[in-house]
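Have the sequence and the 3D view open side by side. We'll take a walk through the model, one piece at a time.

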Amino acid sequence: MEALLAIAVGVLTACGVFLILRARTFPVLLGLTLLSYAVNLFLFASGRLRLDAPPLLRAGASYTDPLPQALVLTAIVIGFGMTAYLAMLALRGLAESGSDHVDAGKEQ
Amino acid sequence: MNSSLLLAAIPATAFAAFSLPLLLQRYGRASAALAAAAVMAACLALLLPLLPAALAGHTQLAHLAWLPAYGLDLHLRLDGLGLLFCLLILGIGLLVVLYAAWYLPKSDRLGRFYSILLLFMAAMLGVVLSENLLLLLIFWEITSLSSFLLVAYHSDQYEARIGARMALAVTGAGGLALLAGILLLGGIAGSFDLSVILAAGERIRAHALYAPTLILILLGAFTKSAQFPFHFWLPNAMTAPTPVSAYLHSATMVKAGVFLLARLYPALGGSELWFWLVGGSGALTLVYAAAMALFRNDIKGLLAYSTISQLGLITLLFGLDTPLSVVAALFHIINHAIFKASLFMAAGVIDHECGTRDMRRVNGMFRVMPITATLAILAAGSMAGVPLLNGFLSKEMFFAETVSAPQFATLGWALPLFATLAGMLAVAYSSRFVHDVFFNGEAIDLPRQPHEPPRWMRAPIELLVLLCLLVGLFPGWTVGPWLAAAALSTLQGPLPEFELALWHGFNQPVLMSLLALAGGVIVYALRAPLFAWQAQLPPMHARTAFERCYRQLASSARQILAMLDNASLQRYNALLLSFVVLLGGWAYFSGPASGIRLPGQPADEAAVAALLTLLLGTLGATLLYRQRLLALLLVSVVGLVVALTFLRFSAPDLALTQFAVETGTIILMLLVLYYLPPQSAPKSSARRLSRDLLLALLAGGGLGLITLQMLAAPFETISGFYLQQSLPGGGGANVVNVILVDFRGFDTLGEITVLAMVALASHALLDRLVLIAPAQDGDGRRWSEEAHPLFLAMLMRPLLPLALTVSVYLLLRGHHQPGGGFVAGLVSSVALIMQYLGNGIAFAQPRLPHHPARLLALGLLLAAGIGVASWPFARPFLTSAHGHLQLPLLGDVELASAMVFDLGVYIVVVTVVLTVLSGIGGLSLRARSSREKS
């Protein structure tokens, strides 16, 4: 199971990085999304993969590590904030330069 | 009031009130000047009650913890030395305030000038009142910065900007050296507090790091006090308005360096190295600058070099390293401040009246302004060391010290001869100033017709010259007690026997004084051949050399920058990622070697299926990224798999959040997609493609490998605490939620603040933006003209209350069950956004009263307010409370204050999502209206 997760993280990262290096804004947004999936999974995995042990206190149960979950939860929401910000930046850039190239309007 | 509170109030008042003149300048120039004077007077008034104890030789301390972990605390100290400097700073400051009101042009409203002057004064007070050396350094840097602003006060003048920049560069570099020196000194002494450091002199001098410490600290002191070879900034800083020069360049800022020498004398002085470095630099500066002063044609230039020379004299006295030489140095600090401030003010009067300061043109002023001339001549006499004036006394003490210093045994007459030579040069340049400006025939081609200045412009000079005379005639009665107190605290030991008197009998110092007076007059008489000789010397170009270095540094920085920064995001990203890959690889391969063991749990069919779906989505999106809609759908599939992964591995909260965020993200991206132009992106070059592929493979492979290693490593966690304390300490069974809103509530507060900024940024970025969407999508299909599908519109309306109920339920149960502010907020906002989608923005906007800024403020205030609410109960910020409540019907309800915090989170999240999405959606509304207009 762990190896599968590692593969997932690796592939998500590779594809995210490749897309981030594209020249248009939209693939960069997609790449960032993929990259944040990868990072969130990685952070989450630092608490190890445990089945049926949610950190909800009940009598006699065992629990997985809640701390990485708390970190990842805020990371997901902040990730949304970042994507939204970049999306608006992309639109603004499009309006100003008339192109969706990431380097549009650069000083030559 | 207790004395430590009073002491702390002095710099506190100065810093708190420094902007007062700026605020009051709209009531006129006089209000600004009065405000500045009032602040200084208030500081003096606060000082008065502390005065008797400081004069009696007591050291008064005030302690306020600031950053105790770094040894940086607000520890203040008032002793004789600090008192002496406080009086100079405030006394001369008051005179400068009065003088500047008359000096600066009537068009200047003065608020800015006085505010910077007060800021500088506050920082100077901080320097002389600091007990903690790190604190001293902070104030020291503020003096550098505020003096930069003062020197460049006439910022429209090129010369003023250059002068200010040079002063800042030199003193700023010195400040860095000083920081390093202070850190070393604190390390050796074990504390940054002066009380400890001054008592540890023996240990410091014996330490292996004594030499570097001393050199670094001296670099700070010498740059500030313009000692050779760092002197060149001071003449260039003469572009400052003259009141600034009178204040900074005579009495205060340039004295900060020698103040530091005095302050640290017991800790650093008393070694061979100290003598050679301090004494040597002082002696060189003394003679070199005195010679340079003689050849200046600008009055302020002459005064600047004479200041450098006199500072060299003070430095040399500290270098001589005897108790009496320290007394003489302190005495000369007082005298120099008094006569040099008055001379600068007189130079300002001449400049103000004549419109020029060139001594080749300004002549014969005695007839035009006899009173000012008399005053200036007296002050110049003091500078030259003419008997009956204060400068004579300290210069004579200096001569006496060169003869009686212990170094006399080894160096013989070299030092006294050197001193006499310097004395001669001082007499010569003082003579030049007096003779050239006030006599020497008629003025030549002056821009203005000079006459006596206004009464109040002359008043500060009169007062200072009166002081020159009083100190010169009755030294024991006027400065005796102040000097004794300052010397006592500087030496931190027994006070040497000294007698301040005009006449000690005919001895070597008197002979030296006579020689200097006579020799000086002769040197001045022989000035014609001297000037001719000087004119054929190769010019000394400290300033040009400095400028060349500066330009070279700037241009090489620009070259490096141009190499890295070509304004291409692709380049930046590639560089950053390569660096990360390199760094990660280096860390990985230099760490302890461990083989990869395939760990743990067996994979089941569901996991394999999930992975395959994820791979399909990820790789598909990457390969088909040009088909935007398809790629977006594929990415959303990946997001769902990630959410399911969270669910599978015991993280229901994460799964809920991921589902909700996924929905929001897809809507967001669809909206963006609508506006993007149809694609015509050229294919990337093969080189670019292979570079990107390589980077992607390295990054992906690396992170995958690290993940595997991490999962195989033994598991240690600090979460036991959270699991144990969640119920008793936080009152919640959902540990993740309790961590978010309680244990790590401060982090969460920061995070929702960031989110709130995103909402505000959306306003800034999208406000008034008009973006016409292309008529076709990427594949050449026209957008559907059909308004909002009836089916969707009808379905969405009843869905809204249902969805809102669910989100309230999620919010309320979040403390115990999966849910909470983040998830509930996302669910609510998606439900609201669906109204926009279903019915159109024209329908939804007016029905959803929406004030983003107010809502954001409400959310943040709720979250922060519940944190502050713990203060009245004497608990730290964000301490939560919880308890049980018996309600009718509902029975036992557990309430925690953290739930209010969660409500704040909820409000912020809803507002952010709604603002961003409706903001982008709103673009279409504007585009439509602008289309209709045209």
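First, some housekeeping. This is a predicted model, in which local features need pLDDT of at least 70 and side-chain atom pairs count only at pLDDT 80 or more, while totals for chains, interfaces and linings use all residues. Residues are numbered from 1 along each chain as its sequence is written, and chains are lettered from A and ligands numbered from 1 in the order in which they are written.

Let's begin with chain A. It has 3 helices and 0 strands, and along the sequence the pattern reads α-α-α. Helices here are DSSP runs of H or I with at least four residues, strands are E runs of at least two, and both are numbered from the N terminus. Of the 108 residues in chain A, 63% count as buried; a residue is buried if 20 or more other C-beta atoms lie within 10 Å of its own, exposed if 12 or fewer, and partly exposed in between, with C-beta atoms placed from the backbone. Taking the contacts in chain A with a separation of 6 or more, 50% are between residues 24 or more positions apart. A contact means that the C-beta atoms of two residues, placed from the backbone, lie within 7 Å.

Now find helix α1 (residues 2-20) and helix α2 (residues 25-45) of chain A. They pack at an angle of about 155°, with their axes 7 Å apart. The axes are lines fitted to C-alpha atoms, for helices over the stretch in contact, and angles run from 0 to 180 degrees between N-to-C directions. That makes α1(A) and α2(A) roughly antiparallel, the word for angles over 145 degrees, whereas under 35 is roughly parallel, 65 to 115 roughly perpendicular and the rest oblique. Their crossing is left-handed: the near helix is turned anticlockwise from the far one by less than a right angle, while clockwise would be right-handed. Among the residues that meet are Leu5(A), Val9(A) and Leu12(A) in α1(A), and Leu34(A), Leu41(A) and Phe42(A) in α2(A). The residues of this contact divide into 19 nonpolar, 3 polar and no charged. Here Ala, Val, Leu, Ile, Met, Phe, Trp, Tyr, Cys and Pro count as nonpolar, Asp, Glu, Lys and Arg as charged, and the others, Gly among them, as polar.

How do the two chains meet? On one side are 77 residues of chain A, in contact with 96 residues of chain B. α3(A) gives the most to the side of chain A that touches chain B, with 23 residues. By class, that side has 56 nonpolar, 9 polar and 12 charged residues.

Over in chain B, look for helix α17 (residues 299-320). Its 22 residues reach 32 Å from first C-alpha to last, close to the 32 Å expected at 1.5 Å a residue, where the expected span is 1.5 Å times one less than the number of residues. Since 22 of the 22 residues of α17(B) are buried, this helix is largely enclosed by the rest of the structure. Just after α17(B), Asp321(B) takes a positive phi of about 70°.

Most residues other than glycine have a negative phi, and most peptide bonds are trans. Leu110(B) has a positive phi of about 75° without being a glycine, and Leu388(B) has one of about 80°. Leu110(B) sits in the loop between α5 and α6 of chain B and is buried, with 26 other C-beta atoms within 10 Å. Leu388(B) lies in the loop between α20 and α21 of chain B and counts as partly exposed, with 14 C-beta neighbours inside 10 Å. The peptide bond from Phe228(B) to Pro229(B) is cis, with omega near 5°.

Finally, find Ala486(B) in helix α26 (residues 480-491) of chain B. Ala486(B) and Val326(B) are 160 residues apart in sequence and 9.9 Å apart in space, C-alpha to C-alpha.
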